[in-house]
Amino acid sequence: MKLSARVPSRRSHRLPTRLPTRLAVPLAALALAGVTATGCAPGTSAGNGASEDNKSGTLRVWLFQEVNNKPKADIVQDAVSAFTARHDDVKVDVQYIPVDSRAEKMKAAFNDPSSAPDLIEYGNTDTAGYVADGGLADVTEEFGDWDEASDTDPAAKESVTVDGKVYGAPLFVGVRALYYRTDVFDDLNLEVPTTLGEVAATAKKIRKERPELYGLAVGGANTYGAMPFLWAHGGELAEEKDGGHTAAVDSPEAKKGIKAYTDLFGTDNCPAAKCAQMGGNDNVQTFAGGKSAMVVGGDFSRQAMEDGAVKGKYKVVPLPGVNKGDIAPAFAGGNNLGVLKSSSHRTLAVDLMRELAGKETQRKLFDAMGFLPTFSDTRQQVASDEPFVEPFVRTLEAGAKFVPATPAWAQIDAGQVLPTMLQEVATGRKDVDTAARDAAKKMDDAFQKAQD
């Protein structure tokens with residue numbers, strides 16, 4: 001059931017009795033800066049699938065290490081215990097790998113099956129790259145046979161899908177919504193914006209009345225905070241064509257969104273001299289530090305707010321769309337689990353993947369870590385129990401979006417193509433038409449290279 005797009009009343013959200021240990025989620029696509037922690041997919045030679053499917057022995061699992069890893073490790077151990085109770089003569093060796101060294105480890109694993117794990121956690125923007133490198137197994141049939149899979153959020157499922165085939169199971173998801181300062185809004189007698197136009201007008205009114213504040217914190221390097229503006233105006237990053245992708249950031253609709261976002265850079269809201277270089281983390285910290293009245297931040301940004309000067313003085317609503325009642329599409333970031341193509345324990349690895357990515361484990365990860373479930377029904381349950389996440393759940397249910405499912409995205413992301421475009425417009429170096437056309441050419445070059 002799709003949740004209502006109405007703006008909730010101004011009731012204060014409550015904190016859970018046990019504040020999640022880690023509410024900033026960013027092992028991969030949820031980094032506060034809006035840049036994926038997975039970075040470029042490691043280049044490898046495509047591997048062949050394993051000829052064995054052993055039903056005993058030791059399963060090797062690589063998961064990302066959290067800042068405070070104990071809650072995650074405890075939950076994983078519970079899931080592993082449930083799994084091994086069903087399988088005689090099976091052991092599970094779980095290793096928590098540092099995020100910073102993931103690229104090197106994945107490259108080695110893809111190239112040397114003897115050292116590779118059976119199951120891995122990975123950032124969802126890396127799916128296409130890992131598939132192209134021959135690292136992930138096609139589990140379309142097993143995913144389809146999984147009872148719980150039917151409740152998977154469409155955007156989350158898209159993040160494990162390449163060319164119509166499924167290469168894993170979503171583990172958690174995260175999106176951004178509009179944080180606003182209740183004290184500022186009350187002092188200035190402001191209504192919560194219900195359209196993107198009202199967001200801009202409200203931001204500029206706040207800046208005029210309270211010049212020490214940015215109305216809405218924006219950043220030229222905040223790619224994932226800018227995407228909702230582009231999508232809300234009907235634009236797309238790219239279009240699929242003839243088995244490949246073609247850039248669409250230079251379409252009339254996309255350029256309307258780019259203009260709407262870059263028009264927020266200026267002395268009347270967020271001066272380009274300061275804000276053009278800011279990323280998502282900078283924007284969140286600006287709001288948390290009490291220097292901005294609004295920001296587009298993630299469910300994973302909550303701990304920064306609770307640790308900052310705005311504690312007890314903010315609320316969250318879905319970022320509105322162009323028309324009243326609409327919700328701007330948000331980027332659906334998150335992490336997935338995938339079985340390696342080289343695994344000699346494929347059946348067991350798939351079963352453990354389902355256990356670790358199942359509803360019970362995802363609910364526990366939310367309670368302990370703040371990780372938002374990828375199942376629609378489970379998310380609605382947690383929204384009922386914890387009102388803070390309701391705007392983010394509503395945003396997901398309204399229709400979140402994902403980046404193009406192609407290994408070219410890693411090159412586009414690493415090359416800062418979209419931030420460069422935004423910064424060029426924000427600083428006046430190029431107009432929207434020129435910057436969008438130049439960005440589209442760079443994207444098309446990357447798409448063509450991925451196809452060659």
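Student: In which hand does α1 pass α14, left or right?
Tutor: This is a predicted model, and in it α1 passes α14 in a right-handed crossing.

Student: How do the axes of those two sit, then, and at what angle do they cross?
Tutor: The axis of α1, residues 70-86, and that of α14, residues 359-369, come within 10 Å and cross at roughly 160°. Angles over 145 degrees count as roughly antiparallel, and α1 and α14 are therefore roughly antiparallel to each other.

Student: Which residues make the contact?
Tutor: On α1 they are P71, K72, I75, D78 and A79. On α14 they are T361, K364, L365, A368 and M369. By class, the contact of α1 with α14 has 6 nonpolar, 1 polar and 3 charged residues.

Student: Switching to α15 and α16: how do they cross?
Tutor: Helix α15 covers residues 376-385 and helix α16 covers residues 390-399. Their axes come within 9 Å, with a crossing of roughly 155°. α15 and α16 are therefore roughly antiparallel to each other.

Student: Left-handed or right-handed, for α15 passing α16?
Tutor: Left-handed for α15 passing α16. The contact is made by S376, R379, Q380 and A383 from α15, and by E390, V393, L396 and E397 from α16.

Student: How many of the residues in that α15 and α16 contact are charged?
Tutor: There are 3 charged residues in the contact of α15 with α16, along with 3 nonpolar and 2 polar.

Student: What about α8 and α9, what is their packing angle?
Tutor: α8 and α9 pack at about 130°, and their axes are 7 Å apart. That angle makes α8 oblique to α9. The crossing of α8 past α9 is right-handed.

Student: And who touches whom there, on α8 and on α9?
Tutor: α8 puts in G225, A226, F229 and L230. α9 puts in E253, A254, G257, I258, A260 and Y261. The residues of this contact of α8 with α9 divide into 7 nonpolar, 2 polar and 1 charged.

Student: OK, cavities. How many turn up in the whole structure?
Tutor: A search of the whole structure finds 7 cavities of 30 Å³ or more. The second largest cavity has a volume of about 90 Å³.

Student: Which helices line the second largest cavity?
Tutor: α8 (223-232), α9 (252-262) and α18 (417-426) each supply at least two residues of its lining. The largest share, 4 residues, comes from α8.

Student: How does the lining of the second largest cavity split by class?
Tutor: The lining of the second largest cavity has 9 nonpolar residues, 2 polar and no charged.

Student: Which elements supply at least two residues of the lining of the largest pocket?
Tutor: The helices are α3 (127-132) and α19 (432-451), and the strands are β4 (161-162), β9 (238-241) and β10 (244-247).

Student: How many of the residues lining the largest pocket are charged?
Tutor: The lining of the largest pocket has 6 charged residues, with 14 nonpolar and 7 polar.

Notes:
Residues numbered from 1 in each chain as written. Predicted model: local features only at pLDDT ≥ 70, side-chain atom pairs only at ≥ 80, totals over all residues. Heavy atoms only, no water. Axes fitted to C-alpha atoms, helices over the stretch in contact; angles between N-to-C directions. Parallel < 35°, antiparallel > 145°, perpendicular 65-115°, else oblique. Left-handed = near helix turned anticlockwise from the far one by under 90°. Contact = heavy atoms within 4.5 Å. Nonpolar A, V, L, I, M, F, W, Y, C, P; charged D, E, K, R; others polar. 1 Å grid on protein atoms, 1.4 Å probe; cavity = no way out; pocket = protein on both sides within 12 Å on 5 of 7 lines; lining within 4 Å. Points joined across faces, edges and corners; volume = space filled by probe spheres on them.
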